Amino acid sequence: MTWKSGARYEGEWHNDIKHGEGHYTWDCSAKYSGSWVEGRRTGMGVMSYEDGSSYQGSFLNNNKEGNGIFTARDGSSYKGDWKNDEKDGQGTYTWPDKTTFTGAFHRGEMGNGRLASVDGKVQEM
């Protein structure tokens, strides 16, 4: 199905609502491929954003929720737990220079953990 805005959906429906496996492309070129429940991204999926970043993992009610990997256009990434579209729980953030922080995140912010630089320096935080 294609909407007037240019958005497009190909996939399963139930009672005229996206439900099951499907692919949705927004008019801005962002794309989602994965599971839908009652019209919402819920379950496993892959989201490709207009700016070149992407997320692969679990969704609940259109939000990143559970475990997943977000990769930004600059090469930085986060692999770990998500809650309500924010980094929340255990995970690893990697900067473009390959420095990593592994530890706790809460509402998108780093908490206790370990910062490791490419040259081998490790700092407990």
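Student: Is arginine 107 buried or exposed?

Tutor: Go by relative accessible area: buried is under 20%, exposed over 50%, partly exposed in between, with a 1.4 Å probe and protein chains only. Arginine 107 has a relative accessible area of 59%, so this residue counts as exposed.

Student: Where do these numbers come from?

Tutor: This is a predicted model, where local features need pLDDT of at least 70, side-chain atom pairs count only at pLDDT 80 or more, and totals for chains, interfaces and linings use all residues. Residues are numbered from 1 along each chain as its sequence is written, and side-chain values use heavy atoms, leaving out hydrogens and water.

Student: Which loop holds arginine 107?

Tutor: Strands here are DSSP runs of E, at least two residues, numbered from the N terminus. Arginine 107 isn't a glycine, yet has a positive phi of about 50 degrees. Its place is the loop between β9 (100-106) and β10 (109-116).

Student: What about asparagine 15: what is its phi?

Tutor: Asparagine 15 sits in the loop between β1 (8-14) and β2 (17-25). At 63% relative accessibility, asparagine 15 counts as exposed. Although not a glycine, asparagine 15 has a positive phi of about 55 degrees.

Student: How many strands does the protein chain have?

Tutor: Read from the N terminus on, the elements run β-β-β-β-β-β-β-β-β-β-β. With zero helices, the count for the protein chain is 11 strands.

Student: What share of contacts joins residues at least 24 apart?

Tutor: A contact means heavy atoms within 4.5 Å. Take the contacts in the protein chain between residues at least 6 apart in sequence; the share joining residues at least 24 apart is 2%.

Notes: Helices (H or I, at least four residues) and strands (E, at least two) are DSSP runs, numbered from the N terminus.
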